[in-house]
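Have a look at the fold first, then read on.

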Amino acid sequence: MSDDARDPAGRKAPSGRKAPPLPPLRDDGLPTLPTGEPVLHRWFVIAMLVLVPIALGVSIWAATATFGRAELTPAERRPPGGPEVTIERGAAQLSPTDELEQGPACFQGGQIIGDSGSRAAARRAMQGACDLIAGGGYDEALAGLRKWARTDGRVRIAAFELSGVESSARLEDGRLVIELNAAFQFEDATAAAPAVIHQLALLAAPDFPGAPIPGEQELRAAQLQRQACGELPPRLRPRGCDDVEELLAADDPLQDLLDAGWPR
């Protein structure tokens with residue numbers, strides 16, 4: 001084996017010259033290369049040491065906030081609106097496209113607004129509601145439908161801030177606008193028919209718009225919604241049907257609605 005000196009890079013040193021000595025090893029507890037250079041930059045190691053406790057703290061806070069949050073009652077999951085809103089849904093993200101088409105069947109007195117996908121979902125929900133009304137037993141919803149049509153009403157799909165709310169309605173530019181949660185756009189939207197019945201029954205309140213809908217009207221609307229849920233195929237049953245069943249199974253559902261903020 002040759003005794004020729006080699007430099008730290010492994011190159012043979014010129015004859016008669018010794019290879020320069022290796023730099024001293026850095027002994028700060030971090031892994032180093034044979035040359036003494038760090039495997040990881042010190043700034044990276046320090047950043048990780050700082051960020052890991054922060055990430056753990058955020059995770060613990062998020063878990064505590066989630067598990068510590070009280071579950072809403074069925075009455076609280078249908079928060080009352082106001083003089084021009086049936087159900088409070090918070091802020092809403094609406095379709096950027098405001099194309100219009102005539103409503104189907106019994107909704108021909110109004111329009112559907114939105115992009116093609118949301119209009120298709122709304123049309124299916126409205127057709128489902130019309131089929132229910134045509135079967136009889138929904139007189140209050142029919143009265144609300146007539147009021148909606150007299151204002152050249154509209155129906156649209158929207159993403160609600162309060163995600164547990166299935167539907168809402170509001171007075172907007174003189175029109176009654178029924179809104180359905182965008183979640184219905186990603187399933188067979190016939191499942192939204194009971195929610196449409198619910199809104200139509202609320203619109204039948206004699207003093208709306210102009211005065212908040214009373215708790216008794218919401219109770220009657222919930223009863224019609226449950227009736228409509230019973231006529232849906234089980235595969236189409238939405239979460240709102242379970243909520244209304246739970247609400248109406250309470251000892252005093254009207255009092256529960258009043259406790260949730262619905263006026264007398």
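## Ground rules

Contact here means heavy atoms within 4.5 Å. This is a predicted model, where local features need pLDDT of at least 70 and side-chain atom pairs count only at pLDDT 80 or more, while totals for chains, interfaces and linings use all residues. Residues are numbered from 1 along each chain as its sequence is written, and side-chain values use heavy atoms, leaving out hydrogens and water.

## Q93, out on a strand

Let's start with Q93, which sits in strand β3 (residues 92–94); helices (H or I, at least four residues) and strands (E, at least two) are DSSP runs, numbered from the N terminus. Q93 is exposed, at 62% relative accessible area, where exposed means over 50%, buried under 20% and partly exposed in between (1.4 Å probe, protein chains only).

Ignoring residues up to four places away in sequence, Q93 touches A158 and A159. Q93 also lies 6.7 Å from F160, C-alpha to C-alpha, although 67 residues separate the two in sequence.

## α3 against α4

Next come helix α3 (residues 139–150) and helix α4 (residues 193–203), whose axes come within 7 Å and cross at roughly 75°. That makes the pair roughly perpendicular, a label for angles of 65 to 115 degrees; under 35 is roughly parallel, over 145 roughly antiparallel, and the rest oblique. Axes are lines fitted to C-alpha atoms, for helices over the stretch in contact, with angles running from 0 to 180 degrees between N-to-C directions.

On the α3 side, E140, A141, G144, L145, K147 and W148 meet I197, L200, A201 and L203 of α4. By class, this contact has 7 nonpolar, 1 polar and 2 charged residues; Ala, Val, Leu, Ile, Met, Phe, Trp, Tyr, Cys and Pro count as nonpolar, Asp, Glu, Lys and Arg as charged, and the others, Gly among them, as polar.

## The core, and W148

The largest nonpolar core has 54 residues, and F107, Y138, W148, L180, I197, L200 and L203 touch the most other members. Such a core is a set of buried Ala, Val, Leu, Ile, Met, Phe, Trp, Tyr and Cys residues joined through side-chain atoms within 4.5 Å. Elements giving two or more residues to this core include α2 (116–134), β6 (154–160) and β8 (175–181).

What does W148 contact, leaving aside neighbours within four places in sequence? The partners of W148 are F107, G109, G110, Q111, G153, R154, V155, L176, I178 and L203.
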